[in-house]
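Me: Hi! I'm new to this one, could you walk me through it?
Reply: Happy to, here it is.

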Amino acid sequence: MKWIGVALIAGSFLLPPFFAGDFYINLASQILIAAIFALSLNLLVGFGGMTSLGHASYLGVAAYISALLTSRYGFGHGTAAIISIAGTTAMAACFGVIALRATGLGFLMITLALSQVLWGLAYRMSNVTNGDNGIAGLTRPMPFGISLDSAVSFYWFALVVAIFAFLMMAVFVSSAFGSSLRGVRDQPRRMAALGFNPWMIRWITFTYAGFWGGVSGLLYVYYHKYIHPTSLSTTSSAEALLGVIAGGSGTLGGPVVGAALVLLLKNYASAYIERWNMLLGAVFLFIVLVMPTGIVPAISKLSNVLRRGSR
Amino acid sequence: MTPQTSDHALQVIDLKKSFGGLVVTQNVSMAIRPGERRLIIGPNGAGKTTLFNQISGDMRPNSGRIKLFGTDVTQLAPYKRAHFGLSRTYQIITLFSGDTLEHNITLGLLGLRPSRWQMWRPLSFYGDLATEARRTLDTVGLLHLAEHPVSDIAYGEKRRVELAMALAQKPRLLLLDEPLAGLSNTERAQVKAQIASIPRETAVIMIEHDMDTALDLAETVTLLNYGRVIVDGDRDSVIADERTHEVYLGA
């Protein structure tokens, strides 16, 4: 049963380039990017118990740094990528110091406020960011001289990065440190009494999540070849959070499924219904009511029940 | 550090704590020798658990000092105190309920080891931690439940996991907050035997209302009332003291 699931998932990621049209391949690339973003947010929300409404900061800032460095200051993609990721991670480290003064609702509000500051800057500092016009005419990198301009080649590139990101985050949460993180989520007071430093554990995780948020931002700007302040908006953060919760926070598969769901709804439903947000809301409501822990935990629970029933 | 101070596992010096107008700890001073068995008694609201919370660092006192093995830890965060050899249990069960018993104890072991910062190697690869966790579970008679999640086991068993988690850390000073509360007579006897078998290098301070059992375990007794130390001394003299009867036993 488990292997059927694994085969299905592997198939759905490996097969599209061979038969699907460019529209679907591009959609799949977007899903991969959103999945990395949702996975990084899930480190905070699901494994750390830190619900953030400002995770788009890392996606947006990484994208803006790369866009500015390559288009305006003549940097190569390699250098720009390194500076962009390093800068985003450093920013996450600073934001973590501020946001982790609080937990729960306070933490949520601080992350929201910080991301709103960045969104405002992106909008208003138009001499740097080009404001509401965004930065257009960007290029994709050419790793090892391979052009990523076709839909298929970009998809493979995004897939390699996404698999690497997934594995790195899977290793992180199953490590000894990952166990401490879950412990701090469940019983912070007990963890401190046992000798763990809850603040440091949260801060390291916050910074690490910012790093992967930055990676997804780089892919985002490579894919769109364009960047606009909406990438930094609360809507962008909230969509990812919806994906994490709908898919199943605290699981590794959940954010991937949730991110796919949000993107598919966005792309398909918007063709038929103008107010696709309403549909997203209805779907989300359905998931929360029927599967409060999310799609992936609900499916694994169901498959357990079926297996027991068939015996 | 004078030799006098390092003779003590714990020194509480003139500790004061109030919540607004409510004074919960008033000029409390006490000293515990290494390996001592101390029982803290007092009516509800006497400030027993508040005192524990200040010793473990969960609460900061308004004034006064706390020394662990001669080091002033008053300003130190709880996790740092754990590394001085302090462990505690909670009156209200504070376990990781979705995780197995073995995982719970493993966290206790991990907390004092540098490998808690390991971000690469899966926790399941630490065979030595698992072995030790199982050995600790065996000493409290719960080895057969090692693979069960805490949420599946009975209340009395949870209390023993609380104890096992603290014992796994091999503390030099152990604070037990009502370890017998809510247990059946059989479980009471089991936990009593486990507390009695704690190695002598560990000092134990225990809050407990079950006097029949607790007095057997204690060498010294402190009676608190309204956040104040009323009587303090070796077991028999505190029990014989008429103030003890007035405040606590006679009630």
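Below we chat about the domains, the chain contact and a pair of helices.

Me: Before we start, what kind of model is this?
Reply: This is a predicted model.

Me: Thanks! How is chain B divided?
Reply: Chain B has domain 1, made of 1–35 + 58–76, and domain 2, covering 85–219. Their C-alpha centres are 25 Å apart.

Me: And how many residues does each domain of chain B give to the contact?
Reply: Domain 1 of chain B gives 8 residues and domain 2 of chain B gives 9. On the domain 1 side, 6 are nonpolar, 1 is polar and 1 is charged.

Me: Switching topic: how many residues of chain B are in contact with chain A?
Reply: On chain B there are 24, and they meet 19 residues of chain A.

Me: Which elements of chain B give two or more residues to that side?
Reply: Those are helix H3 (78–82) and helix H4 (101–110) of chain B. By class, the chain B side has 13 nonpolar, 7 polar and 4 charged residues.

Me: Now chain A. How do H3(A) and H12(A) sit relative to each other, parallel or perpendicular?
Reply: The axes of helix H3 (residues 22–47) and helix H12 (residues 234–247) of chain A cross at roughly 75 degrees and come within 9 Å. H3(A) and H12(A) are therefore roughly perpendicular.

Me: Which residues meet there?
Reply: From H3(A), they include A:Phe37, A:Leu41 and A:Val45, and from H12(A), A:Leu241 and A:Val244 are among them. That contact of H3(A) with H12(A) has 8 nonpolar, 3 polar and no charged residues.

How values were computed
Residues numbered from 1 in each chain as written. Chains lettered and ligands numbered in written order. Predicted model: local features only at pLDDT ≥ 70, side-chain atom pairs only at ≥ 80, totals over all residues. Domains from an automatic or database assignment. Contact = placed C-beta atoms within 7 Å. Nonpolar A, V, L, I, M, F, W, Y, C, P; charged D, E, K, R; others polar. Helix = DSSP H or I, 4+ residues; strand = E, 2+ residues; numbered from the N terminus. Axes fitted to C-alpha atoms, helices over the stretch in contact; angles between N-to-C directions. Parallel < 35°, antiparallel > 145°, perpendicular 65-115°, else oblique.
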